[in-house]
Amino acid sequence: MKFGLGKIKGALKGGPGGAEDRTALEQEAAEQAGAEVKKGMKAEESRTGIKSGMENETSRDKPKRQARRFRLQEERGDGEGKEGDEGKEGEERNGGKTGLVFFPAFDWAISPTHPEREERLLYTRDQIFEEGLMDLPEIAEYKPRLAEYKDVARVHFCVPDVPAQATTPHLISAGSGLVLADALMAGEIKNAFSLARPPGHHSMRVAHGNRGFCNINNEAILVEYLRKKYGIRKIAIVDTDVHHGDGTQEIFYHDPDVLFISFHQDGRTLYPGSGFMDELGGPKALARTINIPLPPATPDEGIHHVLDELVLPILKDFRPELIMNSAGQDNHYTDPLANMRFSARGYAKLNEKLAPDIAVLEGGYAIESALPYVNTGIILAMAGLDYSHVLEPDFTPGMFVQASRDRQVLDEIISTQLENWANRDFLTEEALARYGDFYRHKKSIFYDTDMIQEAQEESVRMCPKCPGYMTIDSTGQHRHRSTKIFGVSVPIYACKECQQEAREEYRSKLHDIRYDYIYLQDKKADRYSSYNVKTGQETLL
């Protein structure tokens, strides 16, 4: 299957597009083509004064830590890029390359016929390698590595332990993002795309099993890794998967330093049935969760309207140190699990506008008709290359039009969420006045893949000095067996009083026979303990 990437290369070289099948080319010809691409790119930079022909260049905030960049569009109206000496210095410092890890996990599947199976990235692999994207000078390929158990425990209470929930493919998928984070922070690359599976954005803090095809949350593991290793505090996560990123939302729901934005198909029409506008965050982090439930059949026009008028303004105001993209690709018009009308070129333009520092693959299950095109478009956009020739064979620009009634719905969403964002401090003060020392919330969570029903109660200390520690009382029911756990989580920015209280809370539960396992997630000390009440054995990470 080919879709004319020869035309893309021809455009990059400044000449007419060709349609030759690269599988027939010899290695020497491929090397020559790569040299011509590089030459053409330099000529384009010289002609325009803009790196790699980017139409929408972004402004940069120059932080103290080397290789960290805040990138958002300064201008929205005309789309013309601006880049001063500081921007050029940032590009040079970061090598001007896009880092890429490709890990298709050909040895892991939920089942042979499940959408999340081995061949999900098969056509994508064929496309990006056969068409020579990995040979472009703007791309730097990295090898994946395994995330450590401690990296997982920094985010999850895995029941009964991390190995039970995180197989080797899961650890590699999570570790792929960590490899790219290290490269970004070392200044080797300007941005990165972790093209790895299995996905993770439905996995919550407590992990009794697989839900929404996810066991552990790759994006959350990446965020906490960056915080611990590099001291980054303010991070924005923009989830572009068609399904609401309920796991990522739940993990950072009470964290005022993580802005989580998810636009997805309306939860009344699609799994997981959540992601509504009144889900704004915990009492101390209100409006740090922004949900955008899109009407089914929303096309490129609608999604970009929301991006331009809501997402980008909020990001600009929040001023994150890094922007992450949970890059789900099941908004595509051919995806079998959803009902949206997004195109590959629409995805590429979204990525160009958003300018994430790191993108992490999530869902997307049209393995032949969507993923090769969407992934190619994203890679080219992140590398600052021309993606105008990435076009699905059955797609014609303008074939999907935004319904007027749905445009009204989108405008109402934009208005409501902009108001929530503008009033975030007032909303937080108002919420804190309603609670005493603790905020408590009960919820029911269904694991659709493993058929587990979880009953959970979370309690958050309403500390005036810090985000406050959290406790979770959880029971997972699977068929005739139930497992009851108690977890204590100490945030990385916890005050001394909350640290002491949380550790005492953990010790007080060690001999409580109502529970099977007790966990301490001490991010401040970077120590993670699990205690088996029946055996009296404690495991430390």
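This is a predicted model: local features need pLDDT of at least 70, side-chain atom pairs count only at pLDDT 80 or more; totals for chains, interfaces and linings use all residues.
How many strands form it? Seven. Their order is β13-β14-β15-β16-β17-β18-β19. The sheet is open, and the pairing is mixed. Now look at the edges. β13, residues 438–447, stands at one, and β19, residues 537–540, at the other. Each has a single partner strand, so one side of each is left without a neighbour in the sheet. From one strand to the next, the twist averages 15 degrees.

A quick reminder: strands of a sheet pair through backbone hydrogen bonds, either parallel or antiparallel. Take β14, residues 452–461, and β15, residues 470–478. These two pair in the antiparallel sense, over eight bridges.

Next, the helices. α4 covers residues 122–130, and α12 covers 371–382. They pack at an angle of about 45 degrees. Their axes are 8 Å apart. That angle makes α4 oblique to α12. Which residues make the contact? From α4, they are Tyr123, Thr124, Gln127 and Ile128. From α12, they are Leu371, Pro372, Asn375, Thr376 and Ile379. The crossing is right-handed.

Last stop: aspartate 330. Where does it lie? In the loop between β11 (322–327) and α11 (344–354). Is aspartate 330 buried or exposed? Buried, with a relative accessible area of 0%. Its side chain has two contacts to show you. One reaches the backbone nitrogen of valine 242, at 2.9 Å. Another is a polar contact with the side chain of histidine 243, at 3.1 Å.

Definitions and conventions:
Residues are numbered from 1 along each chain as its sequence is written. Side-chain values use heavy atoms; hydrogens and water are left out. Helices (H or I, at least four residues) and strands (E, at least two) are DSSP runs, numbered from the N terminus. Buried means under 20% relative accessible area, exposed over 50%, partly exposed in between (1.4 Å probe, protein chains only). A polar contact is a pair of N or O atoms within 3.5 Å; within protein, one must be able to donate a hydrogen and the other to accept it, and residues adjacent in sequence count only if both atoms are side-chain atoms. Two strands pair if DSSP finds at least two bridges between them. Axes are lines fitted to C-alpha atoms, for helices over the stretch in contact, and angles run from 0 to 180 degrees between N-to-C directions. Angles under 35 degrees count as roughly parallel, over 145 as roughly antiparallel, 65 to 115 as roughly perpendicular and the rest as oblique. A crossing is left-handed if the near helix is turned anticlockwise from the far one by less than a right angle, and right-handed if clockwise. Contact means heavy atoms within 4.5 Å.
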